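Let's take a friendly walk through a protein model.

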Amino acid sequence: LALQGVNTWLVEELMSLGWFKKRFPYSSYYLHGEKCLSNSSVLFSTFPLLSVEQHKYKDGNVFTLCTTKVKGRKLHILNIDLIEGEAHSEKRVADATLLCAVIKKIPSRKEDTILVGNFGFPPHTEPESTIFGPSFFVDAWRECCGQKNGYTRDPVNNNKNHSSSCQRLDYVFLRSEVWNPCDAKLIGNSQTPIPSPNFGIKVTLKFT
C-alpha cells in the first residue's frame, strides 16, 4: 500500500489500528530506527522490507526505494510523488532521468520492479511517456482496462479536487518476467466522504 501526500498523524493513526497492523505489519515509516515520512509518502507492506533507500532529487527532495522478497524473488518498489505543474520542465526531465538511473541498476531478469504513485503527467505526455515507456515498464491500468479513462484527478466526481480538467496522473508501472497485472480499478471514488483529492489505483498481480 503506497500513499503520497499524507501527514504523520494519519500514518500513526493507521498503524494504531489492529486490523491494519495485522494486514500491513511492515512500513517505510521507520528508517534506521527513526520516524521518516519522505516527501509525505509512505509504503506499507505485508512482507518484511529488506531495505529502505532514499535517493535525492536535485532540489533536495527524496524518493524512496523499498525492497522486499516475494515468491523467492526480490521486489523493488519506488513510491513516487512528482509535482504536476512541472511536467515538461527541465527539472522534471532530470528527476525522471534520475529515477530511471536508479531503476537500471536493478537486474531486470532476476528481480522485479514496481513504480507507484502520482507521476503528475497524463498518458502520451512527452518526454515523460518516453522515459516511463513500454520499453521499460507495463502500465498496469492500460494493460487491464484498455482505453478506459481511469481518471485519478477528477473534479467532476471528486469534490475535494478543484482542478480544471480530468486526468490520469497516478500509475502502477511494472517490470517483471513473472508477474503480470490481471485486474486494475480505481479506489476511493465510491466512498462518502471521498478521502483524497486524487483517486487511488488498486492493481492485482498474477504470478506465472
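Start at lysine 185, which touches Trp141, Gly200, Ile201 and Lys202, leaving aside residues up to four places away in sequence; contact here means heavy atoms within 4.5 Å. Lysine 185 sits in strand β12 (residues 179-187), a strand being a DSSP run of E with at least two residues, numbered from the N terminus. Valine 203 lies 18 residues from lysine 185 in sequence, yet their C-alpha atoms are 6.7 Å apart in space.

A word on what you are viewing: this is a predicted model, where local features need pLDDT of at least 70 and side-chain atom pairs count only at pLDDT 80 or more, while totals for chains, interfaces and linings use all residues. Residues are numbered from 1 along each chain as its sequence is written, and side-chain values use heavy atoms, with hydrogens and water left out.

Is lysine 185 buried, exposed or partly exposed? Its relative accessible area is 42%, so lysine 185 is partly exposed, because that class lies between buried (under 20%) and exposed (over 50%), using a 1.4 Å probe and protein chains only.

Now step back to the whole chain. Of its 208 residues, 43% count as buried. Among contacts with a separation of 6 or more, 59% join residues 24 or more positions apart. Along its principal axes, the C-alpha trace spans about 40 × 40 × 40 Å.

Terms used:
Helix = DSSP H or I, 4+ residues; strand = E, 2+ residues; numbered from the N terminus.
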